[in-house]
Amino acid sequence: MKPIVSEKDFPTAAKFVYLNAANVALMYRGAEQVIKEWVSDVAQYGSNNFDEHAEENVFKDLHRAAAHLINAAADDIAAGSSATELLCSLAWAVSPGKDQNVVSTEIVFPSTVYPWQRVANSTGCEIRLAKEKNNFMHTDDIIALIDQHTAVVCISHVEYGNGQTFDLQLLAEAAHEHDALLVVDATQSAGAIPIDVQASPVDALISGAYKWLCGPFGAAFMYVAPHLSEKLEPGLVGFRSHKNMWDLDASRIDYPQGTQKFEFSTMAFGCAVGLTRAIDFLNEVGVENIFQYNRQLADRLITGLRSRDAVITSPLDDQDRSSIITAYFENIDSKEIIKGLKAAQVFVSSRAGAIRFSPHLYNTAEDTDSALAEIDNCIAQL
Ligand SMILES: Cc1ncc(COP(=O)(O)O)c(C=O)c1O
């Protein structure tokens, strides 16, 4: 397999075997550099350089880069500090009411559904979670929960626990048939799986920075389709929510046009600058290339795990899978293997009794082979 990134972009990737992007990816070196520069500038010069004009315009490049990533318009992107924060603001903005429901899955990452649950605690709306069967969430079981009272279908594009990928076009159609919104948490897919919000007309899509986007903690972006953002009042507001933010007029809020109305406060701005740099880099490499490359790494892992009689719990059909692979070995505690792997400098995660491998663009075929060889060593020693 020919590498698709160079060692200088991820200088530590060859120092250990890091198969853990679904937890925290290695950060793109260019992102790390600009974050350090930004922090250092503000530490030493206060707002001399990062002045009011710079603060007002700090997210412009992120709007452009994230829009390019998902085929949206820059005006339809907002920056935030985390996926959860943006989801909370959106959930309060939509505020499904007493006679309405929100549909999600019982295996979704809690932060994807908790914001809706919190709103439901106030408004009395119903939360409906589709049940998994044998570690798989049938899309039909999600669709079966949607009815004329559904306000929102909120799913994770890729499930963090088993790597299952949902068909956004299919879910958008099912939601729209009932005039419901499709809200997508793309934290486990953006940067690794091509997303096109024109081809798959989701109503909102959110991603944090520190996983497949190879950015830092402390930044995220949200897309809200124009038909929706024009109707919404953000759940979280602050001085930045006013269209002329430096008016500092406490007597009124005139929201900016587009999704940028969801930007409300100061934040660790350097993280947004770092995320921008990371997304620009991924756009240059090409998400389709990353997707194909990661799939080859995942295939190699699957073949190796199967030949060792591991039980693979991730879906393996082309349309359902991602490069997150979960597996366990009969009668062996996965946590013991994970501990042994860590001691051998192979980093993976433990999820639902299985070992979760999540290779990304900086990994190589040698990484997957070393991980498999270390699994053999661990099992031999147990
Ligand atoms: C699907 C999903 N959404 C959201 C999050 C958390 O995102 P943030 O830390 O940006 O709020 C995670 C973290 O694992 C996740 O897997």
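On a 1 Å grid over the protein atoms alone, a cavity is a set of points where a 1.4 Å probe fits but cannot get out, while a pocket is an open set with protein on both sides within 12 Å along at least five of seven lines; a lining residue has an atom within 4 Å of a point. Grid points are joined across faces, edges and corners, and a volume is the space filled by probe spheres set on the points.

Please keep in mind that this is a predicted model, in which local features need pLDDT of at least 70 and side-chain atom pairs count only at pLDDT 80 or more, while totals for chains, interfaces and linings use all residues. Residues are numbered from 1 along each chain as its sequence is written, and side-chain values use heavy atoms, leaving out hydrogens and water.

## The cavities

How many cavities of 30 Å³ or more are there? The count comes to two. The largest cavity has a volume of about 60 Å³, and its lining includes F59, A79, F262 and M267. Both β2 (77-80) and α4 (83-94) supply at least two residues of this lining; helices (H or I, at least four residues) and strands (E, at least two) are DSSP runs, numbered from the N terminus.

The second largest cavity holds about 50 Å³ of space. Lining this cavity are A192, I193, F291, N294, R295, S322 and S323.

## The largest pocket

Now for the open spaces. The largest pocket contains about 390 Å³ of space. Its lining has 22 residues, and H157, T165, F166, D167 and Q319 lie nearest its centre.

## Where the ligand sits

Which pocket holds the ligand? The ligand sits in the second largest pocket, where "sits in" means that more than half of its atoms lie within 2 Å of the pocket's grid points. Among the residues around the ligand are S82, A83, F109, Y210 and K211, each with a heavy atom within 4 Å of the ligand.

Some of these neighbours make polar contacts, pairs of N or O atoms within 3.5 Å. A ligand oxygen atom is 2.6 Å from a side-chain N or O atom of Y210, and one is 2.7 Å from such an atom of K211. For A83, a backbone N or O atom lies 2.9 Å from an oxygen atom of the ligand. Taken alone, the ligand exposes 400 Å², and the protein buries 89% of that; these areas come from the Shrake-Rupley method with a 1.4 Å probe.

Methods: Polar contact = N/O pair within 3.5 Å; in protein donor to acceptor, adjacent residues only side chain to side chain.
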